[in-house]
Amino acid sequence: MAKPPATPPTATPTMLRRVNAGKVLGVLTRARVMTGTGLIEATGLTRATVHAVCNDLISMGWVVELDPGRTSVGRPSRRFEFNSHAGYVLGIDIGAAKTTVLVSDLRGETVAKAGRSAAGVKTPGERTGIVHETVVEALASAGVSDAQVLAAGAGVAAPVDRDGNILVDDEFWRRFDTGLSDRLTELHGWPVLLENDANLATLGEHWRGEARNVDDLVVLLAGERFGSGLMDSGRLLHGSRGGAGEMVFLKLVEGVGDTHGIARIARENGTAAVADPGVETSLRRLATNGEVTAVQVFRAAADGDKVAQGILHEIADRTARVVATLGTLFNPELVVLGGAVAEAAAALLPDLRAQLASYTSTPPRVAVSSLGDAIVSVGAVRHALNYVEQHALDLELACRPT
C-alpha cells in the first residue's frame with residue numbers, strides 16, 4: 001500500500017522570522033552597504049518585513065545602521081551594513097599529513113592562519129590533539145577568543161553523512177576520531193561542522209575559485225588519493241551515507257585500477273625509473289636514498305627530461321580516464337583539479353584535454369584550482385558561514401549590544 005504524501009511543515013512565525021533573517025543576512029554579507037529598498041528588491045520581502053528583520057538584527061549586533069546621508073527630496077532611505085566583526089568562524093582542514101586552520105571574519109576574509117604537521121601521528125586521539133593545538137595557535141595569532149567564534153567547519157578525508165557522522169568502514173578512514181566534533185566542542189565551546197574534504201573543496205571552489213557561477217560541478221582532489229566533491233544545480237550531493245563522490249569504483253576502470261592520485265603516481269613512477277639502471281634520467285641526480293618527489297618529477301619534465309615527460313603523459317592519460325568517467329556519470333559543466341597538486345597539474349592540462357576528447361564525445365571543461373592547498377580550509381570557512389547565516393537568531397554574540 002502506497003504511503004500518503006508527507007504533510008509539509010506548518011510555517012510558524014518563528015520559522016518565518018528565521019528564514020527572513022537568513023535571507024537578509026545572506027544579501028548583506030555579500031554587499032557592503034544596502035538600503036532598505038535594495039534589500040526589498042534583493043530578498044523579495046515586503047518593506048515592513050525587511051525593516052522589522054533589520055531592527056531585530058541591529059538589536060542582536062548582526063547589522064549596523066548607517067547615517068542615511070542628505071537627500072533633497074523625500075525621506076532619506078535607511079542604510080544597513082553587515083557587522084563582519086560580530087564574530088568569527090574557523091575553517092579546518094584535517095589532512096593526513098597536516099592540519100590547517102583559518103580564522104575568518106563573517107565576510108570570509110582571513111584574519112589568521114596556522115598549520116601543523118601530523119607526521120608521526122598514530123592514533124585518532126593524537127590527531128585530534130594536533131587539531132586542538134593548531135586551533136589554539138590560530139586563535140592566538142588572530143587575537144580572537146573562543147567566545148567570539150560562532151562555528152567551525154572541518155574537513156576530513158572520509159565519507160561524512162548529512163548529520164556530520166564519519167563512516168569508518170575502511171582502514172584509511174579509521175585514522176580519524178569519530179568523536180572529533182564533540183571533543184573540539186567540549187574544549188572550545190563552539191559547534192564543529194564535520195564534512196568530507198572534497199565536498200568542502202567544492203564549496204570553496206564554487207565560492208572563491210574557478211567555479212564561481214558554475215552550479216554543475218565536480219572538484220577532483222588529486223594528490224595522494226583521488227576524491228571528488230559533486231555539486232548539482234548548486235547543491236552538494238552526499239548520498240544516503242555520505243559516500244557520493246567516493247572513488248573506490250576506479251578499481252574497476254580500465255587504465256586506472258586504483259584510487260592513487262597524481263602526486264603518488266608521479267613519485268612512485270619516478271622512483272621506479274631511478275631504480276632501473278637501464279634508464280637514463282636526470283631524476284637520478286635529484287633522488288634522495290633512491291627516491292624522488294612528485295615536485296621533482298614535474299620539474300624534470302619542464303626541464304626536458306624525456307623519462308619525466310613520459311611519466312606525466314601516463315598521468316595525464318590516467319587522469320583523463322577518471323575525468324571522462326565522472327563526466328559520463330554526472331555530466332558536470334566543469335571539473336576542477338584541486339589540492340596541493342593543483343599548481344603542478346596545470347602542466348598536464350593540454351595532454352589531459354587531448355586524451356579526454358578521445359574518451360567522450362561531450363567532455364566537461366577542465367581547469368585547475370587557483371586556491372592551492374587552501375581549497376579545503378576555504379570551503380570549511382564557507383560551510384561555517386552558511387551555518388551562521390541559517391542560525392543567526394539562535395547564536396549569542398560576544399559583542400551583543402547591551
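Asn-213 sits in the loop that runs between H6 and strand E9 (217-221). Helices (H or I, at least four residues) and strands (E, at least two) are DSSP runs, numbered from the N terminus. The model is a predicted one, in which local features need pLDDT of at least 70 and side-chain atom pairs count only at pLDDT 80 or more, while totals for chains, interfaces and linings use all residues. Residues are numbered from 1 along each chain as its sequence is written, and side-chain values use heavy atoms, with hydrogens and water left out.

Asn-213 is not a glycine, yet its phi is positive, at about 75°. The residue is exposed, with a relative accessible area of 76%. Here buried means under 20% relative accessible area, exposed over 50%, and partly exposed in between (1.4 Å probe, protein chains only). Asn-289 is also a residue other than glycine with a positive phi, about 55°. Asn-289 is placed in the loop between helix H8 (283-286) and H9, and is exposed at 78% relative accessible area. Most residues other than glycine have a negative phi.

Ser-282 is found in the loop between H7 and H8. Its relative accessibility is 19%, so Ser-282 counts as buried. Apart from residues up to four places away in sequence, Ser-282 touches Ala-300 and Asp-305, where contact means heavy atoms within 4.5 Å.

## The chain and its domains

The protein chain has 13 helices and 13 strands. Of its 402 residues, 50% are buried. Along the principal axes, the C-alpha atoms fill a box of roughly 85 × 60 × 45 Å. Among contacts with a separation of 6 or more, 65% join residues 24 or more positions apart.

The chain is divided into domain 1 (13-82), domain 2 (88-207 + 376-391) and domain 3 (210-370); these bounds come from an automatic or database domain assignment. Taken over C-alpha atoms, the centres of domain 2 and domain 3 are 25 Å apart. Their contact takes 21 residues from domain 2 and 26 residues from domain 3.

## Nonpolar cores

A nonpolar core is a set of buried Ala, Val, Leu, Ile, Met, Phe, Trp, Tyr and Cys residues joined through side-chain atoms within 4.5 Å. The largest one in this chain holds 54 residues, and those with the most contacts inside it include Val-24, Leu-28, Leu-39 and Trp-62. Helix H13 (residues 375-390) gives the most to this core, with eight residues. A second, separate core has 41 residues, among them Val-253, Val-256, Ile-262 and Ile-265.

Leu-39 belongs to helix H2 (residues 36-43), whose buried residues are Gly-36, Gly-38, Leu-39, Ile-40 and Thr-43. The cover over the buried residues of H2 includes H1, strand E1 (34-35), helix H3 (47-60) and strand E3 (79-82). Beyond its neighbours within four places in sequence, Leu-39 contacts Val-24, Val-27, Leu-28, Met-34, Gly-44, Val-50, Cys-54 and Phe-80. Gly-44 follows H2 and has a positive phi, near 80°.

## Two pockets

On a 1 Å grid over the protein atoms alone, a pocket is an open set of points where a 1.4 Å probe fits, with protein on both sides within 12 Å along at least five of seven lines; lining residues have an atom within 4 Å of a point. Grid points are joined across faces, edges and corners, and a volume is the space filled by probe spheres set on the points.

| Largest pocket | about 1200 Å³ | 47 residues |

The lining residues closest to the centre of the largest pocket are Ala-96, Gly-223, Glu-224, Arg-225 and Ala-340. Elements giving two or more residues to its lining include strand E4 (88-94), strand E5 (98-104), helix H6 (197-208) and helix H9 (294-302). H7 gives the most to this lining, with four residues. By class, the lining has 21 nonpolar, 13 polar and 13 charged residues. Ala, Val, Leu, Ile, Met, Phe, Trp, Tyr, Cys and Pro count as nonpolar, Asp, Glu, Lys and Arg as charged, and the others, Gly among them, as polar. Domain 2 and domain 3 both give residues to the lining of the largest pocket, so this pocket lies between them.

The lining of the second largest pocket divides into four nonpolar, seven polar and five charged residues, and draws at least three residues from each of domain 2 and domain 3.
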